[in-house]
Amino acid sequence: MNTLFNLVVVVQVLSALIIIALVLLQHGKGADMGAAFGSGASGSLFGATGSSNFMSKSTGLAAAIFFAATLGLSYMANQRSTTVSGGVMEKVTTPIAPVSGAGAIPTAKPATSAPPAPAPAAPSPNVPATQIPK
C-alpha cells in the first residue's frame, strides 16, 4: 500500500508540473484583443475560437490525471487512518515513575499566611526628632 501511495504522489506531482508548463506555453486569448479593436480582423472581442489544439487537449488530459490522482490520494489517506489503532502514547508499555522531591507537582493547597507588616523606618540621624511624622 505504501508503494502505491508513493506512486500516486509522484504521478500527481508530475501532472501538476506538466499543467504548469503547458499553461505557461499556451498563447493567451487576450493577446489578440488589440487586433480586435484596431484592425478589424476579427468579428468577436477575443477572436474566433476554433477547435482546440494539441496544447489545450494536453492540458485537459493532465488536469484529469491530476484530479484522479488527488481523489486516489484522498481515498488512500482515509483508508490509512482507519487502520491505525491509536496514537503513540497507547503503545507505551513501561510505567512512568512518580516524581518526588522539589520537581514534584504539589497535591495539597499551600498554607496562606498574611504578609508581614513593614517595619517602621528608623529615624535619620540628620533629621531632628521633632520633624519625624508619627
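Me: Which element has the lowest mean pLDDT here, and which the highest?
Reply: This is a predicted model, and helix α2, residues 33-38, has the lowest mean pLDDT among the elements, at 59. Helix α1 has the highest, at 94.

Me: And what's the mean pLDDT of the protein?
Reply: The mean is 76, with 66% of the residues reaching 70 or more. A word of caution: where pLDDT is low, the predicted coordinates should not be read in detail.

Me: Nice. Which residues of α1 are buried?
Reply: They are F5, V8, Q12, S15, I19 and L22.

Me: What does S15 touch, leaving out residues up to four places away in sequence?
Reply: S15 touches A62, I65 and F66.

Me: OK, new topic: which residues make up the largest nonpolar core?
Reply: Five residues do: F5, V8, A69, L73 and M76. Helices α1 and α3 (54-83) each supply at least two of the core residues. The biggest share comes from α3, which gives three.

Me: Can we zoom in on V8? What is V8 in contact with, neighbours within four places in sequence aside?
Reply: V8 is in contact with A69, L73 and M76.

Me: Stepping back to the whole chain, what percentage of the residues count as buried?
Reply: Of the 134 residues, 10% count as buried.

Me: And the accessible surface, what does that come to?
Reply: About 11,400 Å², with carbon and sulfur atoms accounting for 68% of that area.

Me: Last one, on contacts with a separation of 6 or more: what share is between residues 24 or more positions apart?
Reply: That share is 74% of the contacts with a separation of 6 or more. The contacts of V8 with A69, L73 and M76 are examples you can look at in the model, and so are those of S15 with A62, I65 and F66.

Note on methods
Residues are numbered from 1 along each chain as its sequence is written. This is a predicted model: local features need pLDDT of at least 70, side-chain atom pairs count only at pLDDT 80 or more; totals for chains, interfaces and linings use all residues. Side-chain values use heavy atoms; hydrogens and water are left out. Buried means under 20% relative accessible area, exposed over 50%, partly exposed in between (1.4 Å probe, protein chains only). Helices (H or I, at least four residues) and strands (E, at least two) are DSSP runs, numbered from the N terminus. pLDDT is the predictor's confidence in each residue, from 0 to 100. A nonpolar core is a set of buried Ala, Val, Leu, Ile, Met, Phe, Trp, Tyr and Cys residues joined through side-chain atoms within 4.5 Å. Contact means heavy atoms within 4.5 Å. Accessible areas come from the Shrake-Rupley method with a 1.4 Å probe; for residues, only the protein chains shown count as cover.
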